[in-house]
Amino acid sequence: MKTKLALAALLALTACQSKPNRPSVPGPSAHAQAVSALQRVNANAYECWKADKAFKAYGIIPELDTTGTPRILLIPRGKPQALPQLVITASGKSTQTFGPLSQSPLASRINSDVSRWAAGGSGCTA
């Protein structure tokens with residue numbers, strides 16, 4: 001009888017214990033998400049903007065392998081030391097653009113393209 005009571009008490013105690021927590025698998029870091037978004041933007045910009053008359057005066061320079069903020073620069077073609085005319089940065093999944101081209105007549109198209117490409121879309125709008 002004592003054995004049955006002890007067994008019942010032991011079963012009751014184990015039933016009350018909480019389930020062990022499983023370690024959560026972390027998602028990609030904000031930096032990895034930013035690099036991934038800008039890799040998509042860079043690939044599509046090369047495909048779409050390099051063949052477009054509106055962007056023929058600019059070269060595309062990706063700076064994605066930095067430990068700081070990854071970015072893509074549009075600089076005057078053939079002038080590697082010139083100031084960027086457009087800077088595209090990312091923080092997590094969010095992208096930002098700034099520079100003279102972000103205030104130009106091309107700004108709405110640039111922002112539309114960059115947002116679409118960063119979100120995983122593709123294709124050219126010209």
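This is a predicted model: local features need pLDDT of at least 70, side-chain atom pairs count only at pLDDT 80 or more; totals for chains, interfaces and linings use all residues.
1. Overall fold. The chain holds three helices and four strands. In sequence order these elements follow the pattern α-α-β-β-β-β-α. Of the 126 residues in the chain, 31% are buried. Taking contacts between residues at least 6 apart in sequence, 40% join residues at least 24 apart.

2. Packing of H2 and H3. Helix H2 spans residues 30-48 and helix H3 spans residues 107-118. Their axes are 8 Å apart and the packing angle is about 130°. That angle makes H2 oblique to H3. The crossing of H2 past H3 is right-handed.

3. Residues in the helix contact. From H2, the contact uses Ala 37, Arg 40, Val 41, Asn 44, Ala 45 and Cys 48, while H3 supplies Val 114, Trp 117 and Ala 118. By class, the residues of this contact divide into seven nonpolar, one polar and one charged.

4. Nonpolar core. The largest nonpolar core has 23 residues. Those with the most contacts inside this core are Val 41, Trp 49, Ile 72, Leu 74, Ile 88 and Ile 110. Two or more residues each come from H2, S1, strand S2 (71-76), strand S3 (86-91) and H3. H2 gives the largest share, seven residues. As background, nonpolar side chains in soluble globular proteins tend to be buried together.

5. Ile 72. Ile 72 is one of the core residues with the most contacts inside the core. Not counting residues up to four places away in sequence, Ile 72 touches Leu 38, Val 41, Asn 42, Ile 60, Ile 61, Pro 62, Leu 64, Leu 86, Val 87 and Ile 88.

6. Asn 44. This residue lies in helix H2 and is part of the contact with H3. Is Asn 44 buried or exposed? Asn 44 counts as buried because its relative accessibility is 9%, under the 20% cut-off. Beyond residues up to four places away in sequence, Asn 44 touches Trp 49, Trp 117, Gly 121, Ser 122 and Gly 123. Of these partners, Trp 117 belongs to the H3 side of the helix contact, and Trp 49 is among the core residues with the most contacts.

7. Asp 52. The loop between H2 and strand S1 (58-63) contains Asp 52. Asp 52 has a relative accessible area of 11%, so it is buried. Along the chain, Asp 52 and Thr 125 are 73 residues apart, yet their C-alpha atoms are separated by 9.9 Å.

8. Pro 62. Strand S1 contains Pro 62. With a relative accessibility of 33%, Pro 62 counts as partly exposed. Its contacts, leaving aside neighbours within four places in sequence, are with Asn 42, Tyr 46, Arg 71 and Ile 72. Pro 62 and Val 41 are 21 residues apart in sequence, with a C-alpha to C-alpha separation of 9.7 Å.

9. Thr 89. Which residues does Thr 89 contact, leaving aside its neighbours within four places in sequence? They are Leu 38, Thr 69, Pro 70, Arg 71, Ser 94, Thr 95, Gln 96 and Phe 98. Thr 89 is found in strand S3 and is buried, with a relative accessible area of 10%.

How values were computed. Residues are numbered from 1 along each chain as its sequence is written. Side-chain values use heavy atoms; hydrogens and water are left out. Axes are lines fitted to C-alpha atoms, for helices over the stretch in contact, and angles run from 0 to 180 degrees between N-to-C directions. Angles under 35 degrees count as roughly parallel, over 145 as roughly antiparallel, 65 to 115 as roughly perpendicular and the rest as oblique. A crossing is left-handed if the near helix is turned anticlockwise from the far one by less than a right angle, and right-handed if clockwise. Contact means heavy atoms within 4.5 Å. Ala, Val, Leu, Ile, Met, Phe, Trp, Tyr, Cys and Pro count as nonpolar, Asp, Glu, Lys and Arg as charged, and the others, Gly among them, as polar. Buried means under 20% relative accessible area, exposed over 50%, partly exposed in between (1.4 Å probe, protein chains only). A nonpolar core is a set of buried Ala, Val, Leu, Ile, Met, Phe, Trp, Tyr and Cys residues joined through side-chain atoms within 4.5 Å.
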